[in-house]
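Please take the sequence and the model together, and let the text below lead from the chain as a whole to the spaces inside and along it, and then to a few single residues.

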Amino acid sequence: MGTTSGVNRREVIGGGLMLALLAMDRAHGEPGYPPALRPSPQTLTIEQARVQLLPAPALASELLSINGPAGDQALRLRAGSEDRVIFKNTLDHPVSVVARGFRGDGFASSGETIAPMSERMFVVRPHRGGSCLLVPSPLEAQLSERGMASLLIVEDREQTAADNDVGVLLKDFRLSPNGSIVPATGPRLGNALAVNGRLERFDVPIRRHERLRLRLANASTVRILVLEMRGFVPRIVALDGAPCEVFEPAGNKIVLPPGGRVDLLVEINARPDAPLAISTRLGPIDVDLIGLPFVGDHPLRQGLPEPFIALPEVKAPRLDLAKALRVTVSPGGRHWLGEAQASALAAPLFSAALGRTIVLIVDNLRPAPAVLHCDSQHLRPLDGLDDGVKPWVLDTILLEPGERLLLAFVAERPGLHRLYWRDLAAPFRGFASSFSITA
């Protein structure tokens, strides 16, 4: 069943109960005006929030939030600048926050812990631009299940030629029919999908001859999102916050694993014949997540925007595959700990000197899909015969059952770095390991 009936969002709650959601859409921003950077310091508050996810008379849902329940109020920084960021924890327990994809100084790649009922200030210096996620430690899934996530957007040193730059946070929840969050003891697949904190289509107005940059982030714990573009063909310009060779998505669909991000450029140069939307399948139905309503009879500018080639290139050290340290990665053994042992730290999986090329041979020997997170390092996929590289890098890697992937990187940051593994089928087990880079 599609979405042509006029109801844009429906969710299946509990044992097959269908709820038609409010037909209320939200618009974000005005075409032609990129968002302004915020003053320093910026304060991010970790707190409980009551959000009316389902229409009344359903109860407001008790969520946890970073920087507000909407999730689209992104912390915005500038690459090459120095900013002060204050994390304020209003909860009665400590919270470990990971900045997934952040590359710079001032914030530990493995996460920073904020003590209960306290605040910490960080002086951060991003080295490069990118779309990042602020999330709890992957081993604290109960916090993620209640919605604790926010976007972190690091603007490029040079302004990208986009007229509007919009962040979109996607997150699923497990709701009971009365709107309350079903209590969780660990990760689980949600039955309701929020877009920037609301169960309704998120609209971004667009005009002819406008260039829109959409930053999409999947903050779900275990849900794989298959996003379909309807009525337009975008160009992918970044994956997991890192610039890539510009290309169009195969079949006009994008697979976004839990924790994954993708940056799209959208240009509409003629009046569309049909509504423009990004949708996904949730249970038995198609759901419109993002709408691009065409506004105004006049174009934003005369003529097309200047041709877009690519985002600013990030110069990476050359991979020396012939002399690479090769390490097998598959959860199990003394180098991996399960979620129940999250406070401990296993012996590092390997140690390598600064500047060494490492190839991770990642085997998913389990009967379910899995996701591998490397929060401190982007990894470059190699071709199957180890004789070439893909034109992109990732920090969140999806593996099918029985799949083997070769992932390479150059050790650039001394210290201890974490790897996280999550099975994407019940019971959704999680594991953690680490590796050491020595100066």
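The model is a predicted one, and its secondary structure consists of 1 helix and 34 strands. When contacts between residues at least 6 apart in sequence are considered, 74% of them join residues at least 24 apart.

Rolling a probe the size of a water molecule over the atoms shows where empty space is left. In this structure there are 10 cavities of 30 Å³ or more, and the largest cavity holds about 230 Å³ of space. Its lining is made up of 23 residues, and those closest to the centre are Arg-100, Pro-138, Ser-220, Thr-221 and His-373. At least two lining residues come from each of several elements, namely strand S12 (130–136), helix H1 (141–144), strand S29 (370–374), strand S33 (415–423) and strand S34 (430–438). Sorted by class, the lining of the largest cavity has 12 nonpolar, 8 polar and 3 charged residues.

About 870 Å³ of space lies in the largest pocket, where 33 residues form the lining and Arg-128, Val-314, Lys-315, Ala-316 and Glu-412 lie nearest the centre. Strand S20 (242–247) and strand S32 (404–410) each give at least two residues to this lining, and the largest share, 4 residues, is that of S20. The lining of the largest pocket divides by class into 16 nonpolar, 6 polar and 11 charged residues.

The second largest pocket contains about 570 Å³ of space. Among the 27 residues that line this second pocket, Leu-239, Val-255, Pro-257, Trp-392 and Leu-394 are the closest to its centre. Two or more lining residues are given by each of strand S19 (235–239), strand S21 (253–256), strand S22 (261–268), strand S31 (396–399) and S32, with the largest share, 4 residues, coming from S21. By class, the lining of the second largest pocket has 19 nonpolar, 2 polar and 6 charged residues.

How many disulfides does the structure contain? The count comes to 0 disulfides, under a rule that asks for a pair of cysteine sulfur atoms within 2.5 Å. As for burial, Cys-132 has a relative accessible area of 2% and is therefore buried, since buried means under 20% relative accessible area. Cys-374, with a relative accessible area of 1%, is buried as well.

Is His-209 buried or exposed? His-209 counts as buried because its relative accessibility is 10%, a value to be read against the limit of under 20% that defines a buried residue. Leaving aside residues up to four places away in sequence, His-209 touches Asp-163, Ile-268, Asn-269, Pro-299, Leu-300, Arg-301, Gln-302, Gly-303, Leu-304 and Pro-305.

Key: Residues are numbered from 1 along each chain as its sequence is written. This is a predicted model: local features need pLDDT of at least 70, side-chain atom pairs count only at pLDDT 80 or more; totals for chains, interfaces and linings use all residues. Side-chain values use heavy atoms; hydrogens and water are left out. On a 1 Å grid over the protein atoms alone, a cavity is a set of points where a 1.4 Å probe fits but cannot get out, and a pocket is an open set with protein on both sides within 12 Å along at least five of seven lines; lining residues have an atom within 4 Å of a point. Grid points are joined across faces, edges and corners, and a volume is the space filled by probe spheres set on the points. Ala, Val, Leu, Ile, Met, Phe, Trp, Tyr, Cys and Pro count as nonpolar, Asp, Glu, Lys and Arg as charged, and the others, Gly among them, as polar. Buried means under 20% relative accessible area, exposed over 50%, partly exposed in between (1.4 Å probe, protein chains only). Contact means heavy atoms within 4.5 Å.
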